[in-house]
Amino acid sequence: LSNLLSLRTDQREVWQSRYQKRHNNFGEARLLRPYRTHNDSLNVYNSAMLTLVIQAGGESRRMGSDKGLLPFLGKPLIRRVIERLSPMADEVLVTTNNPDAYRFLDLPLYADLLPGYGALGGLLTALSAAGKPLVAVVACDMPFASAALLATLAGRLESSGGDVAIPSSAEGLEPLHAVYRRETCLPQVRLALEGGELKLISWFPQVRVEVVPFEQVAAVDPNPHLFMNLNTPADLKRAESIARGSNLD
């Protein structure tokens, strides 16, 4: 496993070099940016320190097709998520094992370093591919993902020096709508995989984790569907209905 990871890391460096010349979507690195939250407070964070990684690596068994490519209000679901979140980051990447299908995004695409290792393997790929110190990781099937919340999480890590800022919901922790410090999290994710772990948060006891309680999440973004993810055609239909009815686009 260690030798394979070393080989794939070398490949990542080649991919980053190849894409660096093609993807300067945001021009010069943006510095401290104010991001206004729902409660009208200003959260200031350094967007030049942040990579946004959209994960499109799920098998989509219950959906029956690649979730990121499903039409959502007239556009691919993954494009909706990227358009909602990309303004808050200086670098935007996509992890996918189906790169040909996602080339229309004109963004750097990274296949899993360790195929078959589930969500934790996907996080390894996201952290390895990122070029910035802080990494916001979001699943492609979250149509109401919140830029304001991610900005708040990034600001917390900048001010506290923590390693993970993760929101909680009624369902528990939300590791696929969280921000990670690459330098400290990547080696721990690697060690967890080498130790046979597959649970996405199994390595959390080894780092400094800041959990944002659900009440504080709601103060930043009160959308009750913020963490909704789409697993079935019925979920997709319901989410589109919610978006149409509440102007959450």
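Predicted model: local features only at pLDDT ≥ 70, side-chain atom pairs only at ≥ 80, totals over all residues.

Modeller: Happy to. Let's start at Asn223, whose side chain reaches the backbone nitrogen of His225 at 2.9 Å. Residues are numbered from 1 along each chain as its sequence is written, and side-chain values use heavy atoms, with hydrogens and water left out.

Asn223 sits in the loop between helix 6 (214–220) and helix 7 (233–246). Helices here are DSSP runs of H or I with at least four residues, strands are runs of E with at least two, and both are numbered from the N terminus. Asn223 has 11% relative accessibility, so it counts as buried; the classes are buried under 20% relative accessible area, exposed over 50% and partly exposed in between, with a 1.4 Å probe and protein chains only.

Further along, Leu230 is also placed in the loop between helix 6 and helix 7. Leu230 is buried too, at 0% relative accessibility. Leaving aside residues up to four places away in sequence, Leu230 touches Met63, Lys67, Phe72, Leu77, Asp141, Pro143, Asp235, Leu236 and Ala239, where contact means heavy atoms within 4.5 Å. Leu230 and Arg62 lie 168 residues apart in sequence, yet their C-alpha atoms are 9.6 Å apart in space. For the protein as a whole, 73% of the contacts between residues at least 6 apart in sequence join residues at least 24 apart.

Now the backbone. Most residues other than glycine have a negative phi. Leu73 is not a glycine, but its phi is positive, about 50°. Leu73 belongs to the loop between strand 4 (71–72) and strand 5 (75–76), and is partly exposed at 30% relative accessible area. Asp106, another non-glycine residue, has a positive phi of about 55°. Its loop runs between strand 6 (91–95) and strand 7 (109–110), and Asp106 is partly exposed, with a relative accessible area of 41%.

Cys185, Leu186, Val189, Ala192 and Leu193 are the buried residues of helix 5. Viewed down the helix axis, these fall within an arc of 130°, so they line one face of helix 5; the arc is taken from the directions from the axis to the C-beta atoms. The buried residues of helix 5 pack against helix 3 (118–129), strand 9 (164–169) and strand 11 (177–181). After helix 5 comes Gly196, with a positive phi near 90°.

What about the cysteines? Cys185 is buried at 0% relative accessible area, and Cys140 is buried at 6%. The count of disulfides is 0, a disulfide being a pair of cysteine sulfur atoms within 2.5 Å.

Aromatic rings come next. There are 3 aromatic pairs: rings of Phe, Tyr and Trp (its six-membered ring) pair if their centres lie within 6.5 Å, and planes under 30 degrees apart count as stacked, over 60 as edge-to-face and the rest as tilted. Tyr102 and Phe104 are stacked, at 6.4 Å centre to centre with 20° between the planes. Tyr102 is buried at 0% relative accessible area, whereas Phe104 is partly exposed at 36%. Trp203 and Phe204 have ring centres 5.0 Å apart and planes at 90°, so that pair is edge-to-face. Trp203 is buried at 2%, as is Phe204 at 9%. Ring pairs also join Tyr180, Trp203 and Phe204 into a cluster.

Note on methods: Polar contact = N/O pair within 3.5 Å; in protein donor to acceptor, adjacent residues only side chain to side chain.
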